[in-house]
Amino acid sequence: MMTPKAPKHTADDLRKRLAYSPETGALVWRSKAITTPHDLMWNTRFAGKPAFASVRPDGYLEGHVDGTKYQAHRVAFCIHHGKWPDGAIDHLNGLRADNSAGNIRDTDIEGNNCNRRRSKNNASGQTGVYWNAEKLRYEAQIERGGKRHRLGYFETLEAAVGARKTAESQMGFSRRHGED
């Protein structure tokens with residue numbers, strides 16, 4: 001796996017250019033000190049206006065600082081905590097555009113996966129529950145730490161879902177894991 005390139009801007013750089021509201025997650029451009037006509041034009045066009053308001057197809061917000069593209073949730077984390085996140089950013093409520101301080105956390109990929117939505121390819125409507133045509137039963141399983149744990153075969157969907165929910169709770173998955 002490639003090591004990601006270190007971000008070009010520090011937290012102090014970002015704080016000079018952007019205002020961040022921890023309550024709403026909004027990022028707004030700050031005024032520049034006017035030393036050139038370009039600065040005056042920039043202030044007229046951008047100062048006080050929303051930054052990082054471009055919505056990607058996957059729902060995340062992004063934008064540029066000095067030609068470098070960043071994801072808004074990573075910039076918000078950096079400004080709020082004074083450092084870039086070490087891993088992935090998890091949106092606790094599942095809303096990718098909600099970058100409020102209480103909704104974003106630095107985690108690893110596994111921690112982020114414990115707060116995922118249900119896959120669009122899910123046929124049973126329940127994460128980790130499948131119809132096993134060979135056994136003619138519902139099968140429940142869960143993955144954690146790179147290992148798949150089979151939870152058993154069940155006659156009813158409800159019983160399989162119950163086993164899965166119990167395992168999620170015991171293994172530290174979020175309550176909203178697997179929802180739409």
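The structure is a predicted model, in which local features require pLDDT of at least 70 and side-chain atom pairs count only at pLDDT 80 or more, while totals for chains, interfaces and linings use all residues. Residues are numbered from 1 along each chain as its sequence is written, and side-chain values use heavy atoms, with hydrogens and water left out. The chain contains five helices and ten strands; helices (H or I, at least four residues) and strands (E, at least two) are DSSP runs numbered from the N terminus.

**Overall dimensions and surface**

- The C-alpha trace spans about 75 × 25 × 25 Å along its principal axes.
- The radius of gyration of the chain is 21 Å, whereas a compact globule of 180 residues would have a value near 16 Å. This radius is taken over C-alpha atoms, and the globule rule is 2.2 Å times the number of residues to the power 0.38.
- Of the 180 residues, 34% are buried. Buried means under 20% relative accessible area, exposed means over 50%, and partly exposed lies in between (1.4 Å probe, protein chains only).
- The chain exposes about 11400 Å², of which carbon and sulfur atoms supply 52%. Accessible areas come from the Shrake-Rupley method with a 1.4 Å probe, and for residues only the protein chains shown count as cover.
- Among contacts between residues at least 6 apart in sequence, 40% join residues at least 24 apart. A contact means heavy atoms within 4.5 Å.
- The chain carries 29 positive and 21 negative charges, whose mean positions are 3 Å apart. Lys and Arg count as positive and Asp and Glu as negative, while His and the chain ends are not counted. Each charge is placed at NZ of Lys, CZ of Arg, CG of Asp or CD of Glu.

**Helix 2 (residues 37-46)**

- Asp39, Trp42 and Asn43 are buried in helix 2. These residues cover an arc of only 100° around the axis, which puts them on the same side of helix 2; the arc is that of the directions from the helix axis to the C-beta atoms.
- Pro37, Met41, Thr44 and Arg45 are exposed on the other side of helix 2.
- Strand 2 (27-29) is included in what covers the buried residues of helix 2.
- Glycine 48, which follows helix 2, has a positive phi near 80°.

- The buried residues of helix 3 are Ala72, His73, Val75, Ala76, Phe77, Cys78 and Ile79.
- Alanine 11 belongs to helix 1 (residues 11-17) and is buried, at 7% relative accessibility.
- Beyond its neighbours within four places in sequence, alanine 11 contacts Cys78, Gly82 and Lys83.
- The C-alpha atoms of alanine 11 and histidine 81 are 8.3 Å apart, and the two residues are 70 residues apart in sequence.

- Most residues other than glycine have a negative phi.
- Phenylalanine 52 is not a glycine, yet has a positive phi of about 55°. This residue lies in the loop between helix 2 and strand 3 (54-55) and is buried, at 4% relative accessibility.
- Aspartate 66, also not a glycine, has a positive phi of about 50°. The loop between strand 4 (61-65) and strand 5 (68-71) holds aspartate 66, which is partly exposed at 48% relative accessibility.

**Other loop positions**

- Threonine 24 is placed in the loop between strand 1 (18-20) and strand 2 and is exposed, with a relative accessible area of 53%.
- Not counting residues up to four places away in sequence, threonine 24 touches Asp98 and Ser100.
- Threonine 24 and asparagine 99 are 75 residues apart along the chain, with their C-alpha atoms separated by 7.1 Å.
- Glycine 94 lies in the loop between strand 6 (88-91) and strand 7 (104-107) and is buried, with a relative accessible area of 10%.
- Between glycine 94 and threonine 166, which are 72 residues apart in sequence, the C-alpha to C-alpha distance is 21 Å.
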